[in-house]
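Subject: Structure handover and notes

Dear colleague,

Here is the structure I said I would pass on. My notes on it follow below.

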Amino acid sequence: MLFKEMFFTEEKLTNKLKRMGFELSKANIHKDETVDYDGDVNLSKKQLSVIPIKFGVVRGNFDVSDNALRNLVNAPKQVYGNFTIDDNFITDVKDSPKLVLGDYSCKYNKLDDINKKDIEKVCKVRGKIYVD
């Protein structure tokens with residue numbers, strides 16, 4: 001029964017990735033249901049209230065700007081490009097990636113008194129950090 005449940009979960013996640021327009025050849029689905037993706041992830045302007053897929057490593061840019069996100073649950077652990085979360089309702093950055101090799105942009109959110117040092121506490125950013 002466990003094998004069938006694992007297969008169903010992977011199949012369900014594969015179908016979700018297809019529906020969202022991801023190239024399956026670039027996706028690596030892990031047993032813990034995280035997805036590594038070899039390329040850019042653009043989920044901007046999708047009216048999302050949550051990041052719908054639990055990402056691990058994104059080998060490209062990750063953009064979830066112009067949505068209705070309140071937190072960063074399911075955000076990638078590592079982004080090899082830019083990480084953009086502008087124009088949402090995010091109130092904290094505790095679920096940020098641990099590593100962003102490009103820029104980290106979190107402008108126009110509900111982040112009261114958030115500054116670059118707050119982001120640097122949870123994320124190593126190689127590029128620039130943009131906040132309001």
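Does Asp38 count as buried, partly exposed or exposed? At a relative accessibility of 39%, Asp38 falls into the partly exposed class. Please keep in mind that this is a predicted model, and that every value here is computed from it.

Overall layout

The protein has two helices and 11 strands. Their order along the sequence is α-β-β-β-β-β-β-β-β-β-α-β-β. The radius of gyration is 15 Å, close to the 14 Å that the globule rule gives for 132 residues, so the protein is as compact as a globular protein of that length. Along the principal axes, the C-alpha trace spans about 50 × 25 × 25 Å.

Of the 132 residues, 40% are buried. The protein exposes about 8,000 Å², and carbon and sulfur atoms supply 48% of that area. If we take the contacts between residues at least 6 apart in sequence, 18% of them join residues at least 24 apart.

Charges and salt bridges

Side chains of opposite charge can pair when their charged atoms come close. The structure holds three salt bridges, taken one by one below.

- Arg59 and Asp38: these side chains meet in a salt bridge at 2.9 Å, N to O. Arg59 sits in the loop between β4 (55-58) and β5 (62-63), and Asp38 in the loop between β2 (35-37) and β3 (41-42), so the pair ties together parts that are 21 residues apart in sequence. Arg59 is partly exposed, with a relative accessible area of 39%, and Asp38 is partly exposed as well, at 39% relative accessibility.

- Glu23 and Lys26: the closest N and O atoms of this salt bridge are 3.5 Å apart. Glu23 is partly exposed at a relative accessible area of 42%. Lys26 is also partly exposed, at 29%.

- Asp118 and Lys121: here the N to O distance is 4.0 Å. Both residues belong to helix α2 (residues 116-122), where they are three residues apart, about one turn of the helix. Asp118 is partly exposed, with a relative accessible area of 23%, whereas Lys121 is exposed, at 68%.

Another residue of helix α2 is Lys116. At 44% relative accessibility, Lys116 counts as partly exposed. Between Lys116 and Leu69 there are 20 Å in space, C-alpha to C-alpha, for a separation of 47 residues in sequence.

Backbone points to check by eye

Which residue has a phi near 70° without being a glycine? That is Glu33, where the value is positive. Glu33 lies in the loop between β1 (27-29) and β2, and with a relative accessible area of 41% Glu33 is partly exposed.

Lys45 also has a positive phi, of about 55°, although Lys45 is not a glycine. Its place is in the loop between β3 and β4. At 63% relative accessibility, Lys45 counts as exposed.

Regards

Key:
Residues numbered from 1 in each chain as written. Predicted model: local features only at pLDDT ≥ 70, side-chain atom pairs only at ≥ 80, totals over all residues. Heavy atoms only, no water. Helix = DSSP H or I, 4+ residues; strand = E, 2+ residues; numbered from the N terminus. Rg over C-alpha atoms; globule rule 2.2 N^0.38 Å. Buried < 20%, exposed > 50% of the residue type's maximum accessible area, 1.4 Å probe, protein only. Contact = heavy atoms within 4.5 Å. Areas by Shrake-Rupley, 256 points an atom, 1.4 Å probe, with all protein chains shown as cover.
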